[in-house]
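Student: I would like to learn how to read a protein model. Where do we begin?

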Amino acid sequence: MGGERVHRDLYLVAYDIRDPRRLARVLKHVVGYASGGQKSVKECHLSEGERTELVAGLSDLMRLEVDRAHVIRLRTNCAVWTLGVGVPPEDPAFYFVGGGIRQG
């Protein structure tokens, strides 16, 4: 395995799901990609392929006529301000995904 680092961009993933069962499934799906966040807004460092998988999974889990989700790519040259106990988002050296480790 080469030591090349996969390029990832920081995204905010926010969702409003009307049904509690769908909400639980969407939360589980998004948390699998998240490196932080609160309630229905998660910070995700994603490669292009991971973003595609995340969006496809959301499309499968949601009822698009009543639910909504936003996947917003943040520019790397923008300042991040945190208030209270907020922690600035950081792209970790590795990710725990499902049953294995995915190195970035």
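Tutor: With surface area. Accessible areas come from the Shrake-Rupley method with a 1.4 Å probe, and for residues only the protein chains shown count as cover. Here the protein chain exposes about 7,500 Å². Carbon and sulfur atoms supply 55% of that area. A caution on the source: this is a predicted model, where local features need pLDDT of at least 70 and side-chain atom pairs count only at pLDDT 80 or more, while totals for chains, interfaces and linings use all residues. Residues are numbered from 1 along each chain as its sequence is written, and side-chain values use heavy atoms, with hydrogens and water left out.

Student: Which pattern does the protein chain follow along the sequence?

Tutor: Helices (H or I, at least four residues) and strands (E, at least two) are DSSP runs, numbered from the N terminus. This chain has two helices and six strands. Their order is β-α-β-β-α-β-β-β.

Student: What percentage of the 104 residues counts as buried?

Tutor: Buried means under 20% relative accessible area, exposed over 50%, and partly exposed in between (1.4 Å probe, protein chains only). The buried share is 25%.

Student: Which residues form the largest nonpolar core?

Tutor: In soluble globular proteins, nonpolar side chains tend to be buried together. A nonpolar core is a set of buried Ala, Val, Leu, Ile, Met, Phe, Trp, Tyr and Cys residues joined through side-chain atoms within 4.5 Å. The largest one here has 12 residues, including Y11, V13, V26, V30, L46 and L54. β1 (9–16), α1 (20–31), β3 (41–46) and α2 (48–61) each supply at least two of its residues. The largest share, three residues, comes from β1.

Student: What does L54 touch, beyond residues up to four places away in sequence?

Tutor: Contact means heavy atoms within 4.5 Å. L54 touches V13, H29, V30, Y33 and L46.

Student: Which residues of α1 are buried?

Tutor: R22, V26, H29 and V30. They cover an arc of only 95° around the axis, which puts them on the same side of α1. That arc is taken from the directions from the helix axis to the C-beta atoms. On the other side, P20, R21 and K28 are exposed. The cover over the buried residues of α1 includes β1, β3 and α2.

Student: Is V41 buried or partly exposed?

Tutor: V41, in strand β3, has 37% relative accessibility, so V41 counts as partly exposed. Leaving aside neighbours within four places in sequence, V41 is in contact with L12, V13 and A14.
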